[in-house]
Structures are given as C-alpha cells and as structure tokens.
Amino acid sequence: MIISSIEVIRISIPFSTGASQRQNHGQAKDDDAFNAASPSHQRMQSLMLKITTDTGLVGWGEAFGHGSNPVTYQALSAVVGPMFIGTSLADREKTLEKARRALHGFGSTGAMVYALSGIDIALWDLAAQVAGVPLYQLLGGTARTLELYASLVSYGNDPDEVYRQVSRARDLGFRKIKLHETHVDAIAAARRALPVAAGELMVDVNCPWSVAEASEVAERLRALELTWLEEPVWPPDDAAGLALVRRNGVPLSAGENAAGVQGIKTLLEQQAIDVVQPSVAKIGGIGAMLQVFALARQHGVKVVPHCFYFGPGLLAVAHLCTLLPQEVAVEVPFIEFERLLYPALAFKPRMELPTDAGLGFKPDLQVIEDYCLERTLID
C-alpha cells in the first residue's frame, strides 16, 4: 500500500466561551496569538492533514499549532509532506525515522517536528484501518468510557467571571477543571466554586515567572490543594528550576513545551514534575507518546496528555488514554463551536470512543469547506 497524496488543510472555526457581556467587552487588547487560551480569541484553528493511499484508504492527522499554524503549514507542504509521497505504509516506521534524521538540523521541537507529528498520527490511523481495528486496540489499550476535563480559556484574572465559569462547568457535570489564570485571587475564586470535596482543580499559567517568583506563588497556592500547577517557570525547559519550585509542596506538571522525548526525559531525570504532559501534535505523534509513557512508568510519574485540539489530535489523545489508568481524563477546551467538525465536539463530561477501524475521525466535509483558510494537495 503506497502513499499517493497528502492534503494539508487549515481551518478556523468561531467559538463562544459563555463569558459575560462585561467580560467580552473588557478583554485584553494584547491578543496573544500564540496562546490558544487567550481571552481575546474568538476562533480556534486546526491544522489537519489527510493521507490517501493508492487503494483509496484515508488517514487523518493533526499538527500543532494555533497561531503558528501558517509556519507548520509551510513545513508540511514544502518539506515534510513530499518526503512521504510514494513510500509504503508497511515501511512507515523506517520512513519516519529517515525523515527525523534528515530534519535533525531544525532541532528537537518546532514546525518540522509538529509536521512530523501530524504525519505520524495519520499513519497510525491508516495502520489501524489496515488491521481492521480501532486505534486503541492496535495500541493495546482497554476500551472504556473516557472522562473529560474542562480546560477553560483565560478570563483575564477576573475573580467573579472565573467563579461563574467554574460554577457553570461544575453544573454541567465536569469534576475536573483547569484554569488559565495567574492571579491568586482568581484561582482562589475557582476553588470556592469547586471545593476540594467536589472536584479537582488544575492551573496552567503558561510559563510566566522566574524560579523565585514561581516559588512564592506556589507557597501561596498550597492551601488551595491544586491537583497540579502547570508550567510555572520561564523558560519552560528549566528542569532544575522546576525541581526547586516543586519543593514548595504544590504538585507540578509540564511537558507540552518539551524539546521532544529527550526533553521529557530530562524533566523526569531531574525529578522536576509530578505529572508529565506530552502533546501528541507537538512531540512527534503517537509513536513519541508511547515512548513518553514508557519513560514515565520507569520514573513513577503520572501521565496526563496535553490536548487543546479539536481535530484528529483530540481523538488520538482519547485512544492513547486507554493505555493509562482510568482516572486519567482527556483535556477538552471549554468552548462552544459555531458549528461542529464532528459530533463529539459537543462536549459532555464523558466520551465514548469511536468503534470504527482507525481513529474513527469522520469530519463534516461541509464544515471543512466553509471554514477553510487554506489547503494544498501534495502528490
């Protein structure tokens, strides 16, 4: 079975956050285009790729990421995608390794690795279809209903709005909720809305602080009994700094911004984190995720994959989570899309995996057509 074409598709779908009118009008003027949780965003992008074989079989993948999608789009279209045209699906692991080695000069993270991540996901989708089984079964996972955790956008550190949104997520049945706020009063408001006995509260602060600043904030947050504090230190790969912050007694998580599997390995070896969060569309795809799972087992560290996606990347994470303990929930953005790319995006606290062979990604082609920013066919 030979790869005959790869279509690269970038879409952008409007969404609402349920924020109050006051919040909508008071959003920050500094739109962080590279942070998908920014309170200024009103659309969410997905960079998808569709691999077609000479038999007509189709596999889907998703590459990171958000505001940098134009760069990854070019990497896929001009460099990475053409490397796979005419190659055999049976040789996919050798082809991927050859591509990784050829592109090593671009580093262990960034657009080339993101592009390879999307290719890897699509090739796994195809492999599971050839085997005639859902992807989780090919991976050796255990079929189960998956719990979802609500990953909120930022509400600009407005305690009242944070309280309202966390209460809304709780009332919808979510018992695991993640914030993207940096002020202690806003985080404390979330804990009032979701007491310890009622659920788990996580906070992703997106790498804002020095080690000293992060240690001070962690000390203040200790009483809130967070499930984890995510990426509190700049730069994000300061493993030694994270290890120091961790001494303050607040569980730490990181890994989304690690430089590949080796970057994750450094975090684990430095005992820097309590929870490792690899991101399937950034780290190298499903194959790299499996390597991280193995490393985490060796170091006794919990894995909770990062997943702020809504295309094939989300389904890839869902299938991967069947390899993890039952209490591990799948991250989903707490937003409401103007139109759904596929039905599972009407998020509820529980999710059933597709039973079709492969990923089970069955997008609404009209939604792709209506919200497409750009697309290219490589053949």
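Let's start with helix H7, whose buried residues are Val184, Ala186, Ile187, Ala188, Ala189, Ala190, Arg191 and Ala193. Keep in mind that this is a predicted model. H7 runs over residues 184–193, and with eight of its 10 residues buried it is mostly covered. What does the covering? The cover over the buried residues of H7 includes H6, strand E5 (176–179), strand E6 (200–204) and H8.

Pick out isoleucine 187, which sits in helix H7. Buried or exposed? Its relative accessible area is 1%, so isoleucine 187 counts as buried. If you skip residues up to four places away in sequence, isoleucine 187 touches Leu179, Glu181, Thr182, Leu201, Val203, Leu221, Leu224 and Leu226.

**Zooming out to the whole chain**

Now step back. The chain holds 14 helices and 14 strands. Its C-alpha atoms fill a box of roughly 60 × 45 × 40 Å along the principal axes. How does the radius of gyration fit with a compact globule? A compact globule of 379 residues would have a value near 21 Å, and the chain has 20 Å, so the two agree.

Of those 379 residues, 60% count as buried. Take the contacts between residues at least 6 apart in sequence: 76% of them join residues at least 24 apart.

In soluble globular proteins, nonpolar side chains tend to be buried together. Here, the largest nonpolar core has 109 residues. Which of them touch the most other members? Those are Val166, Leu179, Val276, Val280, Ile286, Phe337 and Leu341. There is also a second, separate core of 25 residues, with Val8, Tyr73, Ile119 and Leu123 among them.

Let's follow valine 276 from the largest core. Apart from neighbours within four places in sequence, valine 276 is in contact with Ala254, Ile264, Leu268, Val292, Ala296, Val301, Lys302, Val303 and Val304. One of these, valine 301, is worth a visit. You'll find valine 301 in the loop between helix H12 (286–299) and strand E10 (302–303). Why does a residue in this loop count as buried? Its relative accessibility is 14%, and the cut-off for buried is under 20%, so valine 301 makes it. Leaving out neighbours within four places in sequence, valine 301 is in contact with Leu268, Ile273, Asp274, Val275, Val276 and Ala296. Glutamate 216, on the other hand, is 85 residues away from valine 301 in sequence and 24 Å away in space, C-alpha to C-alpha.

**Helix H9**

Helix H9 covers residues 239–246, and its buried residues are Ala239, Gly241, Leu242, Ala243 and Val245. Their cover includes helix H8 (211–221), strand E8 (252–254) and helix H10 (260–269).

Most residues other than glycine have a negative phi, and most peptide bonds are trans. Here are some places that go the other way:

| Where | What | Angle |
|---|---|---|
| Phenylalanine 64 and glycine 65 | cis peptide bond | omega about 15° |
| Tryptophan 234 and proline 235 | cis peptide bond | omega about 0° |
| Asparagine 157 | positive phi | phi about 60° |
| Glutamine 271 | positive phi | phi about 50° |

Where do they sit? Glycine 65 is in the loop between strand E3 (58–63) and helix H2 (69–80). Proline 235 belongs to the loop between strand E7 (228–230) and H9. Asparagine 157 lies in the loop between strand E4 (146–151) and helix H6 (159–171), and glutamine 271 is in the loop between H10 and strand E9 (275–276).

Glutamine 271 has a relative accessible area of 58%, so it is exposed.

Note on methods:
Residues numbered from 1 in each chain as written. Predicted model: local features only at pLDDT ≥ 70, side-chain atom pairs only at ≥ 80, totals over all residues. Heavy atoms only, no water. Helix = DSSP H or I, 4+ residues; strand = E, 2+ residues; numbered from the N terminus. Rg over C-alpha atoms; globule rule 2.2 N^0.38 Å. Buried < 20%, exposed > 50% of the residue type's maximum accessible area, 1.4 Å probe, protein only. Contact = heavy atoms within 4.5 Å. Core = buried A, V, L, I, M, F, W, Y, C linked by side-chain atoms within 4.5 Å.
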